[in-house]
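Here is a friendly walk through one protein chain, for someone meeting it for the first time.

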Amino acid sequence: MGTERFDAVVVGAGGMGSAALYHLARRGVRACAVERFAVAHDRGSSHGDTRIIRKAYMEHPDYVPLLHRAYALWEELEGEGRGELFARVGLLVAGDPATEAMRGQAACYREHDLPHETLDATALAARYPDVALPADWSAFYDPFGGFLRVEDCVRRHADLAKAHGAVIYEGEQMRSWRGEGEGVVVETERRRLLADRLVLAAGAWAAPELRRLGIAVQVVRKVQLWYRGRGVERYVPGAMTCFYIADGEDGFYGFPALEPWGLKLAEHNVSHDIVDDPLRLNRALAPEDEPRILDFLARFFPALKPERSKHAVCMYSLTPDQHFILDIHPECPAVVLGAGFSGHGFKFAPVVGEILAELALEGQTWQSIEFLRLSRFEHRR
């Protein structure tokens, strides 16, 4: 086993790891990433063609400043390469005003001056005639909303990181890491890596380390489904935006119908389909995966006679409060953690990458991330 020396090692080159590698490399840091699979693989959490991006944030208003920076960085990333990454098609958020999602969205708009429209039943019916929503529901339209082309985003970060001098070891598993002196030693199947800093951004594979630190992270299986069929043309971009519909306390999200697979949608609810081993994730479509989606389509998208064209399975890594973890490792100051993105993290990838790079190189970040630090869990340990 050979030994190599780097300023920084990133473990995981998915959505967050590829962004961290890019931000390290563009600062002139000699950096590498260790990726168990291939860049833009479908084994983790950053795949499935598209992810929603939005500025108004029902989960917590403190995410909005991070989103301002994320939007700027996505634009920079688009400008550095060829091909669209961010499709600005808008976002409809609808539901009973009493639901947690709608209350959270309203609270975010009260706290942050973000352009939006509030739509009543009449306006909803006029704008989206092929979406059937109850008359007592309301909705918000986010003109900043849209979707990211998820695999293209990962590839762009990875390609530009390499263009800045980074190395990516694909198909290579980290076996162990340990602090040594003021740095770290990372051992993979093929090499020993010595580095000043280590960024752990391994998605679902980070759960055991977080549990060891006393954080009850759960990894759950999530299914994404695509449909074509008669009537799908009524839900193409222009006629339809991205959407999040709060059906009671259940949440469903989706995207306008795109070629070649059609309308994509999924449940966002916390799943009870616990994943004990990410390598043994059931990627087949199970009998219980589709009925609720088909019921949702029948009630809210009645013009579509759905014919399933594709499915994909990914994972959410859920923290106890469903907020991210961005911090320096409490036992080893040479290690930075980026984990627990809880099914809503991908849109933040470039700013998370920037924060991880700043924490690794400077021990601090100029972004406001106190609500995402490990200290919030101290009372639970």
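Let's begin with Pro260, which sits in the loop between β15 and β16. The peptide bond that joins Glu259 to Pro260 is cis, with omega at about 0 degrees. Another loop worth a glance is the one between β2 (31–35) and β3, where you'll find Ala40. Phi of Ala40 is near 65 degrees, a positive value in a residue other than glycine.

A quick word on the ground rules. This is a predicted model, where local features need pLDDT of at least 70, side-chain atom pairs count only at pLDDT 80 or more, and totals for chains, interfaces and linings use all residues. Residues are numbered from 1 along each chain as its sequence is written, and side-chain values use heavy atoms, with hydrogens and water left out.

**The whole chain**

In all, the chain has eight helices and 19 strands. Both kinds of element are DSSP runs numbered from the N terminus (helices are H or I with at least four residues, strands are E with at least two). The chain's radius of gyration is 21 Å, close to the 21 Å that the globule rule gives for 381 residues, so the chain is as compact as a globular protein of that length. That radius is taken over C-alpha atoms, and the rule is 2.2 Å times the number of residues to the power 0.38. Along the principal axes, the C-alpha atoms fill a box of roughly 65 × 40 × 40 Å.

Strands count as paired if DSSP finds at least two bridges between them.

Elsewhere, β10 and β11 form a hairpin with two residues between them, and Gly181 in the turn has a positive phi of about 65 degrees.

| Strands | Bridges | Facing residues |
|---|---|---|
| β3 and β8 (146–149) | four | Ile53 and Gly146 |
| β4 and β8 | two | Phe86 and Leu148 |
| β6 and β7 (138–142) | three | Glu117 and Tyr141 |
| β10 (174–180) and β11 (183–188) | six | Arg178 and Val185 |

How big is the second largest pocket? Its volume is about 510 Å³. Of the 21 residues lining this pocket, Glu59, Glu100, Tyr244, His268 and Gln322 are the closest to its centre. The elements that give two or more residues to the lining are α3 (100–111), β14 (242–247), β15 (250–258) and β17 (305–318). Sorted by class, that lining has seven nonpolar, nine polar and five charged residues. Ala, Val, Leu, Ile, Met, Phe, Trp, Tyr, Cys and Pro count as nonpolar, Asp, Glu, Lys and Arg as charged, and the others, Gly among them, as polar.

The structure also holds one cavity of 30 Å³ or more. The largest cavity has a volume of about 40 Å³, and its lining is made of Tyr22, His23, Leu73, Leu77, His157 and Pro350. α1 (15–26) and α2 (64–80) each supply at least two of the lining residues. That lining has four nonpolar, two polar and no charged residues.

As for the terms, on a 1 Å grid over the protein atoms alone, a cavity is a set of points where a 1.4 Å probe fits but cannot get out, while a pocket is an open set with protein on both sides within 12 Å along at least five of seven lines; lining residues have an atom within 4 Å of a point. Grid points are joined across faces, edges and corners, and a volume is the space filled by probe spheres set on the points.
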